[in-house]
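Please go through the model below from the whole chain down to single residues.

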Amino acid sequence: MNKKRIVCYGDSNTWGYDAETNDRFEDDIRWTQVLQQLLGNEYMIIEEGVSGRTTVFDDPLNEGLNGKWHLHTTLMSHCPIDGLVIMLGTNDCKERFSASPQNIADGIDRLIQKAKSMPVWKSDIKILIVAPIIILDEVYASPVAGEMGKDCVRKSQQLPELMRICAKRHGCYFFNANEVVTANPIDFMHFDKESHAHFAKALAPIILKNM
């Protein structure tokens with residue numbers, strides 16, 4: 001049976017980072033794996049999450065995290081694909097990138113253009129843009145305060161609307177993760193354990209209907 005192949009392209013919240021253990025959530029917890037179970041055998045959910053990944057920015061401290069440069073190889077390695085889920089933007093909010101909220105949304109725009117131009121689609125191009133979790137004010141007193149730097153909260157708060165506009169402009173589907181997820185009480189920017197299941201349950205009907 002030829003399964004419908006859905007690539008989930010994201011950062012640590014797609015990889016499944018657990019702030020409590022500083023490790024990865026187990027397979028039965030991560031939203032990608034929960035989504036696989038919900039969709040059933042007709043679908044193949046492909047996990048492509050990397051901690052620290054940005055939309056289009058090179059990280060001067062950590063190599064290989066520019067989402068634009070790795071999208072081509074990622075999609076080519078899994079083609080033909082039926083759908084693509086992109087959830088990025090949180091890491092772009094770090095102070096060291098000096099990116100405005102619009103710059104970050106433009107990064108998503110660039111990823112959409114790149115994905116649409118590639119010969120990886122089984123038939124129609126079907127892309128779901130997910131606005132990532134909003135970083136909470138408490139992050140500034142958390143262990144990741146120095147990593148994120150100033151102004152990351154304000155930037156993240158503006159991303160959902162800007163990404164919604166971007167998705168609409170390109171004819172992509174859109175979902176705001178903040179409708180169903182909650183940040184953990186340690187770093188205030190990663191999904192808590194329960195949010196993985198909530199998120200998967202929200203995405204499942206969107207994918208079943210459209211992809």
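What does the accessible surface of the protein chain come to, and what percentage of it belongs to carbon and sulfur atoms? The surface comes to about 9500 Å², and 49% of it belongs to carbon and sulfur atoms; accessible areas come from the Shrake-Rupley method with a 1.4 Å probe, and for residues only the protein chains shown count as cover.

This is a predicted model, in which local features need pLDDT of at least 70 and side-chain atom pairs count only at pLDDT 80 or more, while totals for chains, interfaces and linings use all residues. Residues are numbered from 1 along each chain as its sequence is written, and side-chain values use heavy atoms, with hydrogens and water left out.

The C-alpha trace of the protein chain spans about 50 × 35 × 30 Å along its principal axes. A compact globule of 211 residues would have a radius of gyration near 17 Å, and the 16 Å of the protein chain agrees with that; the radius is taken over C-alpha atoms, and the globule rule is 2.2 Å times the number of residues to the power 0.38. Of the 211 residues, 56% count as buried, where buried means under 20% relative accessible area, exposed over 50%, and partly exposed in between (1.4 Å probe, protein chains only). Among contacts with a separation of 6 or more, 74% join residues 24 or more positions apart, contact meaning heavy atoms within 4.5 Å.

The protein chain has seven helices and seven strands, in the order β-α-β-β-α-β-α-β-α-β-α-α-β-α from the N terminus on. These elements are DSSP runs numbered from the N terminus, helices being H or I with at least four residues and strands E with at least two.

Helix α4 (residues 101–117) packs against helix α6 (residues 152–169) at an angle of about 35°, with the axes 8 Å apart. Axes are lines fitted to C-alpha atoms, for helices over the stretch in contact, and angles run from 0 to 180 degrees between N-to-C directions. On the α4 side the contact includes Ile 104, Ala 105, Ile 108 and Ile 112, and on the α6 side Leu 159, Leu 162, Met 163 and Cys 166 are among the residues involved.

Thr 55 is in the loop between β4 (43–49) and α3. At 0% relative accessibility, Thr 55 counts as buried.

Phe 25 is placed in the loop between β3 (23–24) and α2 (31–39) and is buried, with a relative accessible area of 8%. The C-alpha atoms of Phe 25 and His 196 are separated by 9.6 Å, although the two residues are 171 residues apart along the chain. His 196 is one of the residues that Phe 25 touches, and Tyr 17, Arg 30 and Phe 191 are also among them.

Some backbone values in loops remain. The peptide bond from Cys 79 to Pro 80 is cis, with omega near 0°, and Pro 80 lies between α3 (67–78) and β5 (83–87). Asp 151, in the loop between α5 (145–148) and α6, has a positive phi of about 75° although it is not a glycine. At 29% relative accessibility, Asp 151 counts as partly exposed. Phe 188, in the loop between β7 (173–176) and α7 (193–210), has a positive phi near 60°, and counts as buried at 16% relative accessibility.

Note on methods. Lists of a residue's contacts leave out its neighbours within four places in sequence.
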